[in-house]
Structure formats: C-alpha cells, structure tokens
Amino acid sequence: MIQKNIRRFASEVLEEWANVLDRDSKPLPPHVVREMGRLNIWGIQAPAQYGGAGLDTVGYSIVIEEISRVSAAVGLGVSVHNSVCLAPLLKFGTPEQVERFVPDLASGKKIGGFTVTEPQAGSDAASIQSTAVSDGDHYILNGQKTFVTNGGIGDVFLTAATVDTRKKAKGLALFIVEKSMDGFEVGKIEDMMGMRGNMVSELFFNNVRVPRENVLGSTEDGFRISMQTLDMGRIGIAAQALGIGTAAFEAAARYAMERKQFDRPVGTFQAVSFKLADMKTHLDAARLLIYRAANLKDRSLPYSAESAMCKLYASTTAMQACMEALQIFGGYGYVKDLPVERFFRDAKITEIYEGTSEIMKIIIGNEIIKQFGRL
Ligand SMILES: Cc1cc2nc3c(=O)[nH]c(=O)nc-3n(C[C@H](O)[C@H](O)[C@H](O)COP(=O)(O)OP(=O)(O)OC[C@H]3O[C@@H](n4cnc5c(N)ncnc54)[C@H](O)[C@@H]3O)c2cc1C
C-alpha cells in the first residue's frame with residue numbers, strides 16, 4: 001500500500017518536475033512541498049501524535065526508493081530531512097526539543113538538515129574546526145560547513161561544532177541551529193554534476209548565539225550521536241541508490257524490447273539480456289540487504305555493519321546499473337532527451353556521501369575484526 005501510494009504520487013506529481021529541477025538546478029515549488037506534507041512524506045517515521053506517518057524503517061526505505069526512482073534529488077532531500085535530522089531529534093532529543101521542533105519538521109513546514117562536513121574535515125569527521133564557546137545560557141558558534149544537503153532551503157540544522165578541539169571526537173557536540181538565528185548565513189549553492197534539484201550549499205556561522213537547551217544529547221555526546229545518526233541515514237542513501245538503479249534498469253529493459261537492430265529487439269541479443277539479468281539480480285540483492293538492515297534497526301538490534309553493507313552494495317549496484325543502462329540505450333543514452341544520463345549523474349554521489357565506499361569497508365572490516373580477530 002505504501003509503495004502504491006508513493007509510486008502514484010511520484011508518477012503523477014514528481015515526474016513532471018524531475019527533469020526541470022535537474023536542468024534548472026532549482027528546488028521543488030512550495031505547493032509540491034506542501035502536498036508532500038499532506039502525504040506525510042516529511043514525517044515518514046515521526047509518530048502520529050506529532051503529525052507523522054509512524055512507519056517503520058522498512059516502510060521508510062520503500063518511500064525513499066519510490067521517490068528516488070523518479071527524482072533522486074527529491075529523494076535526497078526527503079532522506080536527509082527524515083533520517084539525519086528528524087530521526088535523531090526523536091531519538092536523542094529532550095521532550096521539550098521534540099515538542100518544539102518535531103511537529104513543524106514532520107509536516108514539512110520546516111525543512112531539516114545535518115551538517116558535519118567542513119573544508120578540511122570530510123571522512124575524518126572528528127577533525128572539524130567549527131567552535132562552540134560557552135557563554136552563560138548560550139554557546140557562541142563560529143565556523144564554516146560545506147556540502148550541506150537542503151542547505152539553501154532548510155530551516156533547522158543539526159550542526160556539529162567542537163567545544164574543545166584538543167579532545168577531537170570527545171569534544172564534538174551537536175547543536176540544533178535555526179536559520180532565523182543571527183549570524184547564520186547560507187553561502188554558495190553548489191553547481192553539481194547530479195542531484196541538481198537539491199540546494200546543497202555552504203553554511204557560515206558568525207557568532208551565532210545558540211541557547212544551551214539546543215544541545216542535542218550532551219556536549220560530549222555529539223560524535224556518538226552523529227555516528228549513530230549516519231547508521232540510520234545510510235539505509236536511506238541505500239534506498240535512494242536502489243531507486244535510481246531500478247529506474248535505470250526499467251528504462252533499459254523497456255528500451256531493449258522496443259529498439260530493433262538486425263531485425264530484432266536488441267534485448268533478445270544475449271549480450272544485452274545478460275546485462276539486464278545482472279542488473280535485476282544485483283538490484284534485488286541490494287533491496288534485501290536494505291530490508292535486513294532496516295528490520296534489524298526496527299527490532300533495536302545492532303545494525304551498523306549491516307547498514308554500511310547495504311549502502312556499499314546498493315550504491316555500487318546503482319552505479320553499475322546506470323552504466324549498463326546507458327550502454328543499452330547506445331547513443332540515445334548519452335543525450336539529455338532521455339533521463340538515463342541523469343540517473344547516471346545522480347547515482348555517483350551515493351558512493352560518496354554519508355560515508356564513502358572506502359569508509360563503508362572500514363566499518364564492515366572493523367566488525368569482522370571484532371568478531372574474528374584481535375587487533
Ligand atoms: C551532494 C553532496 C551532499 C552532501 N551532503 C552532506 C550533508 O548534508 N551533511 C554533511 O555533513 N556532509 C554532506 N556531504 C559531504 C560528504 O558526506 C563528504 O563529501 C564525504 O563524507 C567524503 O568527504 P570528503 O568529500 O571530504 O572526502 P575525503 O574524506 O577527503 O576523502 C577523499 C578520498 O579519500 C578516501 N579516504 C578518506 N579517508 C580514508 C581512509 N581512512 N581509508 C581509505 N580511504 C579514505 C575517501 O574514500 C575518498 O575516496 C555531501 C556531499 C555532497 C557532494
């Protein structure tokens with residue numbers, strides 16, 4: 001039912017916007033954002049009492065896959081808003097923080113983001129330089145963030161800053177920062193290869209006074225919360241990759257049955273049908289890895305390595321599927337009249353953000369070492 005409803009919305013409403021957002025590098029118009037709010041897309045896992053849909057993580061993955069199948073850029077905004085802003089607020093927030101921030105986020109009245117990355121701190125998140133200095137009832141935030149998903153349109157950002165640079169990870173805290181705060185500034189909107197409908201931007205904090213009650217968890221807890229948040233987020237990125245890969249596969253399969261060369265559909269050549277067979281097999285395997293990680297999370301069991309596995313596998317599969325789809329489309333795959341080249345451009349980043357494929361292997365490897373070896 002979830003899949004049917006979201007698929008209908010995606011094809012009836014999002015489809016017409018997908019190419020426009022990509023071509024013009026602009027965000028969804030407000031009326032579509034509101035309509036997504038009515039469908040609970042901004043509060044997929046938020047409890048009904050806060051205006052959300054209260055779905056489990058498997059349901060969440062299905063929503064992200066279906067949206068990303070049509071517009072990966074919209075899928076990215078929805079995934080980040082839900083899984084790395086709203087979810088940690090619900091999981092780690094005080095009752096007051098939940099009351100203050102969740103209803104507006106769950107309805108889409110406000111859009112959320114999560115910002116750790118800085119010019120000098122990417123994979124090594126603990127080396128961030130943004131500072132938070134205690135000043136009475138407030139912290140004074142200074143620093144620069146890069147590559148902030150939803151940066152250009154967002155209202156609420158979970159922001160990592162260090163209260164003590166010498167302590168590295170132990171000194172990292174997460175603050176709930178609002179666009180309306182003095183000293184908050186949106187910098188350059190990135191001109192990207194893909195995901196062009198998301199206003200990924202720089203953010204600057206110039207002496208932003210953040211009330212003490214806006215610390216998420218404790219000031220010693222930010223790194224741990226960030227890592228747990230990324231475990232949740234990666235299921236969303238994997239579902240997004242799966243949506244893109246599935247769109248590429250379906251387009252290629254349809255085309256392969258229509259396009260004739262040498263008096264027969266190209267899809268009946270074994271060289272082409274084997275490509276489709278590989279795509280389908282890997283995509284289904286990715287879906288099962290995603291559902292496994294989601295199910296473990298829903299049962300409150302450890303799922304960090306499984307989340308990394310599903311993200312690693314789904315993003316590699318998406319990239320591979322897009323490459324093969326483009327090959328099946330031949331020259332027509334290379335031009336902008338058809339969406340395959342967009343799928344290809346959108347897929348690449350799923351191997352990079354919320355932890356690169358290399359970092360996913362470190363997480364999985366560490367789990368194996370923990371189980372089978374001694375460091
Ligand atoms: C479109 C987009 C949206 C994004 N959204 C957000 C967001 O909302 N919030 C946010 O905080 N960040 C966001 N990011 C940042 C993203 O998470 C980082 O780009 C990513 O974590 C990698 O960091 P980096 O780009 O600095 O690469 P680096 O960390 O500099 O890595 C460069 C290369 O070195 C490899 N490498 C690094 N360390 C190791 C290691 N220990 N072992 C092996 N290989 C290693 C990497 O895998 C990579 O191939 C976004 C990025 C993009 C492009």
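**Surroundings of the ligand**

The residues of the shell around the ligand divide into 11 nonpolar, 6 polar and 2 charged, where Ala, Val, Leu, Ile, Met, Phe, Trp, Tyr, Cys and Pro count as nonpolar, Asp, Glu, Lys and Arg as charged, and the others, including Gly, as polar. The model is predicted, so that local features need pLDDT of at least 70 and side-chain atom pairs pLDDT 80 or more, while totals for chains, interfaces and linings use all residues. Residues are numbered from 1 along each chain as its sequence is written, and side-chain values use heavy atoms, without hydrogens and water.

In total, 19 residues surround the ligand, each having a heavy atom within 4 Å of it; the closest are Thr-117, Ser-123, Phe-147, Thr-149 and Thr-356. Taken alone the ligand exposes 970 Å², of which the protein buries 64%, as computed by the Shrake-Rupley method with a 1.4 Å probe.

Domain 2 (113–219) and domain 3 (223–372) both contribute residues to the shell, and the ligand therefore lies between them; the domain bounds come from an automatic or database domain assignment.
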